[in-house]
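Here is a short briefing to read alongside your structure.

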Amino acid sequence: MTLLSVLVGTVAFAILAPVIGCFLAGVDRKVSARMQGRVGPSIMQPYWDVRKLLSKERATVNDVEGVYVTLALVLAVLSGGIFFSGGNLLLCVFVITLSSLFFIIAAYSTRSPYAEVGANRETVQVMAYEPMVLLFAVGVYLALGTFSVSGVLDAQVPAICQTFLIFFGLLFILTIKLRKSPFDISMSHHAHQEIVRGMTTEMSGPTLAKVEIMHWCENVLFLGWVGMFFVWSNPLSLILALVVAVAVYFLEIWIDNNFARVKWQAMLKWSWVIALVAGGVNIAALMIL
């Protein structure tokens, strides 16, 4: 990985990820509406929503709120650039986690009781999924012999052949990272779930638009993690990875519309159990073999 490749990858990700993420958000709304017996909005509705937010007057509780949200967005884009440029997977994981922490600090900085509750819940979510994310990075390293994402292109077999338990664990915590029910405890995009929308209660206008764009970029990155398991030296594997990523996204939409929200204690317990069993057993097997 060179600095130039990361810069090029980051610029490309900054341009393409919001477009792809916006389309996925539109599909999510449309499919969710159909599952609920509604027509649903246009697939372009997320774009129109963010465009309207960007056109509004900037109104924030304090100056640092916007700074923290901007840093969270920049780090999310940088993490995607590192991943899709074939950079270090562990660095990608650390950077996207740092982005989440800045987002949490932004919510705390508003001094709103509703935002603080949402920030507390988001912190619990980070504690829930982070062990499995780290085990995911370690498992890929043991399977490929390198933390470099580009190493999958030199592999003779896809990583899923050696890390299928880790893949299962990643799918479980992916529901948390995508903020889908039953684990959307910090904030939900469903109106029936929230009277006050958690972390973003005090955010509006361009600041809220940045949050939405950040989520679009995160979704593209996380689906890239899913597809990574199915890429190897065969160029056609990229198509397989894309198909699997799309299928997983539709699976997450189905889960989101068919499961009720659980308490944070259940989310934390299940996530750590899955990380210990799926991630721990898979890594132990890789080290022995």
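**From surface to core**

V11, I15, L16, V19 and I20 make a nonpolar surface patch of about 480 Å². Please keep in mind as you read that this is a predicted model.

**The patch**
- One of its members, V19, is found in helix α1, which covers residues 3-35.
- V19 has a relative accessibility of 56%, and because the cut-off for exposed is over 50%, V19 counts as exposed.

**The nonpolar cores**
- The largest nonpolar core has 79 residues, and L89, F136 and W225 are the ones that touch the most other members.
- Helix α7 (residues 205-228) gives this core its largest share, with 13 residues.
- Leaving aside residues up to four places away in sequence, F136 touches L89, I166, L170, W225, M228 and F229.

**Helix α6**
- How far apart should the ends of α6 be? With 14 residues (164-177) at 1.5 Å a residue, the helix should span 20 Å, and its end C-alpha atoms are 19 Å apart, which agrees.
- Of the 14 residues of α6, 11 are buried, so the helix is largely enclosed by the rest of the structure.
- Among the buried ones are I166, F167, L170, F172 and K177.
- Their cover includes α5 (113-144), α7, α8 (237-258) and α9 (264-288).
- Just after α6 comes R179, with a positive phi of about 55°.

Definitions and conventions. Residues are numbered from 1 along each chain as its sequence is written. This is a predicted model: local features need pLDDT of at least 70, side-chain atom pairs count only at pLDDT 80 or more; totals for chains, interfaces and linings use all residues. Side-chain values use heavy atoms; hydrogens and water are left out. A nonpolar core is a set of buried Ala, Val, Leu, Ile, Met, Phe, Trp, Tyr and Cys residues joined through side-chain atoms within 4.5 Å. Buried means under 20% relative accessible area, exposed over 50%, partly exposed in between (1.4 Å probe, protein chains only). Helices (H or I, at least four residues) and strands (E, at least two) are DSSP runs, numbered from the N terminus. Contact means heavy atoms within 4.5 Å. The expected span of a helix is 1.5 Å times one less than its number of residues. Patches are made of residues with over 30% relative accessible area and no salt bridge: like charges are joined within 9 Å, nonpolar side chains (Val, Leu, Ile, Met, Phe, Trp, Tyr) within 5 Å. Accessible areas come from the Shrake-Rupley method with a 1.4 Å probe; for residues, only the protein chains shown count as cover. A salt bridge is a side-chain nitrogen of Lys or Arg within 4 Å of a carboxyl oxygen of Asp or Glu.
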